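Q: Could you take me through this structure, please?

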Amino acid sequence: MKKIIIDPITRLEGHGKITIFLNEAGEVERAYFQVPELRGFEKFAEGRQAEDMPQITSRICGVCPWAHHMAATKALDDLYKVEPPPAAKKLRELAYNLFMLEDHALHFFYLGGPDFLVGPKAPKAERNILGVIGKVGLEAGKRVIQMRKELRGLEAKMGGRTIHPVMGLPGGVSKGLTEAERGECLAVAERAIDFTLFALKLFEEVVLKNQGYLELISSEAYTHRTYYMGLMDDKNRVNFYDGRLRVVDPNGRELVKFRVQDYLDHIAEHVEPWSYVKYPYLKAIGWKGFLDGEGSGIFSVAPLARLNASEGLATPRAQEAYERMYETLGGKPVHHTLANHWARVIEMIYAAERIQELAGDPEITDPNVRLLPEEVPTVGIGVVEAPRGVLIHHYETDERGLIKRANLIVATQNNSARMVLSIDKAAKSLIKKGEVVDDGLLNMIEMAFRAYDPCHACASHALPGRMPLVVELFDHQGELIRKIER
Amino acid sequence: MRVLILGLGNELLRDDGLGIYAAQALRAELELKPEKRGIELEVLESPLSGPAILDLLIGYDRAIIIDAVRTEGGRPGEIYELDLDELQLGLKPSPSLHYAGLPELWALAEGLGLDFPKVKIYAVEAGDLSFGEGLTEAVTKALPELLSLVREEIRRLPSVNRAPA
């Protein structure tokens with residue numbers, strides 16, 4: 001055994017890798033961002049019981065166990081063609097909104113915080129969590145921790161376990177909600193609504209009153225006119241748990257609204273020769289390369305895309321904030337990547353209000369929370385809105401319910417083509433004639449990166465390691481000429 | 001004194017399951033032979049990453065973390081023992097908090113004035129981190145030594161009189 005000082009190590013190989021190709025004149029030909037995917041999972045799933053998928057898939061991500069748990073559970077409903085009783089659906093949606101709020105809150109404060117609450121021009125040493133605390137104050141910082149703790153406490157209660165939820169079953173949930181627990185949810189919901197309105201106020205005070213920030217949000221460098229996709233209810237309002245997938249074009253007009261079971265008719269995947277990464281695009285429009293605009297099938301998911309794809313939000317205070325965002329940024333859709341932070345705080349309000357609505361519904365304590373599946377299984381497809389966007393689970397089984405084929409489309413993958421657009425724009429504006437502004441390039445890329453909040457923590461967690469952002473520059477002959485790392 | 005033994009990892013990723021298996025083994029032992037000496041020992045396993053780990057650590061006086069790692073040039077099965085304060089990484093900017101490591105979490109806790117435990121880390125160099133169950137041979141062989149190191153660390157914890165509630 002030896003004692004060592006571990007210098008930044010990582011177990012997340014190949015993650016956050018940016019590749020930039022220059023032409024003969026030293027100008028950027030094309031910049032790419034590699035989104036790692038869940039390689040090997042499909043094989044791992046083969047031959048396993050479909051019923052185990054909500055437990056297995058919730059273990060593949062250290063950040064979003066609930067998103068996978070819920071998408072898998074819904075895929076099982078579909079596999080066994082069983083419709084959960086109303087109380088079961090409400091319980092699932094309630095638990096899911098607790099998770100969405102918890103995750104969004106974390107990112108709004110600690111992830112977007114360094115860019116917005118502290119500021120893009122602040123000295124580098126302050127652009128971190130401590131800088132955020134310095135800006136919002138110790139009390140606010142503690143409030144975030146406290147709120148998350150309360151939300152996680154309720155999740156654990158409803159999920160049956162602290163970490164891996166065991167709530168979802170085909171046709172329902174494993175247990176109902178007691179009156180006392182319902183009261184607890186209502187109490188937490190009230191504090192959560194206060195908390196989210198406080199977050200919005202902070203955003204308005206720090207960001208919206210600062211002309212420089214507004215200009216940055218709407219700057220061309222962070223703007224891409226793409227299609228947007230999100231899960232919507234019957235009235236085209238965002239719903240994180242259920243509905244149909246709606247796609248709007250760059251002008252905000254509906255292109256299509258479909259059941260997730262038909263996703264293969266609408267979404268195809270493009271493969272680039274230089275990478276194993278697949279880039280999902282809209283089949284109806286086609287793959288036209290890494291371009292934005294109406295003629296390109298690239299689409300985007302996650303908070304801003306959801307709001308863009310919707311006609312409103314189902315709860316009053318969130319709807320108010322939604323309208324204000326679109327008024328301020330010049331109407332719908334908003335194409336500015338950095339507005340994702342704003343959209344995220346609006347969704348936090350929605351989640352908190354939705355928790356209150358669901359917990360306020362007396363039917364939610366109905367003990368009838370499961371229907372037993374009776375159909376012979378063949379194919380099951382389920383979808384939820386993960387915090388980072390549309391997440392699809394697709395299983396095919398034999399008649400005993402053993403997985404023959406599993407396909408997961410994770411949110412970050414859905415955003416991968418648009419992320420390439422962002423990286424490309426950043427690279428083109430900061431690399432001229434082979435000259436690179438190292439720090440400027442990394443800063444700009446990181447800001448875009450954080451706005452999408454791509455999650456590569458699937459199947460991983462980092463102990464002392466952190467994910468390095470690596471930029472590699474290749475000349476026109478394919479020779480590696482520079483490597484910038486942070 | 002409240003002490004947490006935290007096994008980090010994911011048992012669906014071969015050697016990444018190390019922390020989970022180690023924690024399970026230690027829990028079973030501790031249930032048979034509970035610690036006295038006024039030490040309140042808890043064992044947890046977690047696949048979580050980033051700031052979620054902070055939620056698990058807050059409120060303990062000491063924490064022993066067990067995990068699989070991959071270091072440059074490391075030999076699978078190699079055991080590392082280190083104190084968190086040896087990880088002199090500072091608070092470098094990270095592109096995403098998803099990847100925040102313990103030093104960042106520690107800094108966050110300090111910044112907020114939360115009770116962050118004194119952390120000791122036991123890590124084993126992983127061989128295979130692909131999807132699959134069960135540890136590789138090299139890591140399996142390292143497990144008994146790892147467990148005895150952790151047991152020793154538990155024995156080294158200072159005895160305390162039960163603190164008043």
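A: A term is needed at the outset: buried means under 20% relative accessible area, exposed over 50%, and partly exposed in between (1.4 Å probe, protein chains only). This is a predicted model, in which local features need pLDDT of at least 70, side-chain atom pairs count only at pLDDT 80 or more, and totals for chains, interfaces and linings use all residues, while side-chain values use heavy atoms, without hydrogens and water. Residues are numbered from 1 along each chain as its sequence is written, and chains are lettered from A and ligands numbered from 1 in the order written.
Q: Lys120(B), then: buried or exposed?
A: Lys120(B) is buried, at 11% relative accessible area.
Q: What does Lys120(B) pair with?
A: Lys120(B) forms a salt bridge (Lys or Arg side-chain nitrogen within 4 Å of an Asp or Glu carboxyl oxygen) with Asp83(B), the closest N and O atoms being 3.6 Å apart. The pair ties together strands β4 and β5 of chain B, so it links parts 37 residues apart in sequence; strands are DSSP runs of E, at least two residues, and helices of H or I, at least four, numbered from the N terminus. Asp83(B) is also buried, at 18%.
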